[in-house]
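This report covers a single predicted model.

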Amino acid sequence: ETLRKVVEQEPARLSQINPRVDRDLETICLKCLEKEPARRYGSAEALADDLERWLGNEPILARPSTRWERSIKWAKRKPAVAGLVVLVALVAASGVTGVISQWRRAEKSLMKSENNLYFNRIARAQRELADGNIGLMEQLLDDCPVALRGWEWDYLYRLCQADHRTI
């Protein structure tokens with residue numbers, strides 16, 4: 001019965017018997033139990049090398065490790081360096097976040113200043129119209145950014161043009 005099972009059935013996964021078994025150890029054991037000799041370890045030395053890698057928290061050769069698994073194993077082997085890498089990454093992320101926050105604050109401040117300057121120019125242009133300084137008024141209106149020009153700019157510009165036609 002046992003020989004028939006060995007020949008005909010695949011071995012049960014260790015994780016089915018004991019869920020706490022490490023995935024790499026399970027892979028090593030299943031590679032030892034492969035039906036085809038070509039898929040098993042080529043020698044006892046190759047098996048011993050993989051077991052030593054597993055004991056040293058290094059990637060095993062029986063199964064290619066993902067980048068994430070290799071990173072975790074590296075962090076277990078070198079916790080001080082891994083901690084410093086994580087710390088540097090956190091400091092860099094917080095620095096970038098701080099720079100972006102300051103950049104946005106500066107842009108808002110610049111936009112507010114440009115709006116204030118625009119409305120100051122409009123108010124001064126209106127005063128120059130009242131004083132009859134059409135040339136200076138026209139210069140003030142021309143200095144206003146196109147993106148900020150609203151109905152007040154159009155109104156004063158039309159008054160300026162109407163005054164030119166009157167002259």
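## Buried charged residues

Asp 24 counts as buried, at 5% relative accessibility; buried means under 20% relative accessible area, exposed over 50% and partly exposed in between, with a 1.4 Å probe and protein chains only. Asp 24 is found in helix α3, where helices are DSSP runs of H or I with at least four residues, numbered from the N terminus. Leaving aside neighbours within four places in sequence, Asp 24 is in contact with Trp 54, Ile 60, Arg 63 and Lys 73. Contact means heavy atoms within 4.5 Å.

Lys 73 is found in helix α5, residues 67-77. Lys 73 is also buried, with a relative accessible area of 12%. Outside the four places on either side in sequence, Lys 73 is in contact with Asp 24, Asn 57, Glu 58, Pro 59, Ile 60 and Ser 65.

The model is predicted: local features need pLDDT of at least 70, side-chain atom pairs count only at pLDDT 80 or more, and totals for chains, interfaces and linings use all residues. Residues are numbered from 1 along each chain as its sequence is written, and side-chain values use heavy atoms, with hydrogens and water left out.

## Helix packing

Helix α3 (residues 23-32) packs with helix α4 (residues 44-55) at an angle of about 170 degrees, and their axes are 10 Å apart. Axes are lines fitted to C-alpha atoms, for helices over the stretch in contact, and angles run from 0 to 180 degrees between N-to-C directions. α3 and α4 are therefore roughly antiparallel to each other, a label for angles over 145 degrees. From α3 the contact takes Asp 24, Leu 25, Ile 28 and Cys 32, and from α4 it takes Leu 47, Asp 50, Leu 51 and Trp 54. By class, this contact has 6 nonpolar, no polar and 2 charged residues; Ala, Val, Leu, Ile, Met, Phe, Trp, Tyr, Cys and Pro count as nonpolar, Asp, Glu, Lys and Arg as charged, and the others, Gly among them, as polar.

The axes of α5 and α6 come within 5 Å and cross at roughly 120 degrees. Here Trp 74, Ala 75, Lys 76 and Arg 77 of α5 meet Pro 79, Val 81, Ala 82 and Val 85 of α6. The contact of α5 with α6 likewise has 6 nonpolar, no polar and 2 charged residues.

α6 has 53 residues and reaches 77 Å from its first C-alpha to its last, close to the 78 Å expected at 1.5 Å a residue; the expected span is 1.5 Å times one less than the number of residues. Its buried residues are Ala 82, Tyr 118, Ile 122, Ala 125 and Glu 128.

The largest nonpolar core has 11 residues, including Tyr 118, Ile 122, Met 137, Leu 141 and Trp 153. Such a core is a set of buried Ala, Val, Leu, Ile, Met, Phe, Trp, Tyr and Cys residues joined through side-chain atoms within 4.5 Å. Apart from neighbours within four places in sequence, Ile 122 is in contact with Leu 141, Cys 144, Glu 152, Trp 153 and Leu 156.

## Backbone details

Asn 57 lies in the loop between α4 and α5. Phi of Asn 57 is near 55 degrees, a positive value in a residue other than glycine. Asn 57 is partly exposed, with a relative accessible area of 30%.

Notes. Helices (H or I, at least four residues) and strands (E, at least two) are DSSP runs, numbered from the N terminus. Angles under 35 degrees count as roughly parallel, over 145 as roughly antiparallel, 65 to 115 as roughly perpendicular and the rest as oblique.
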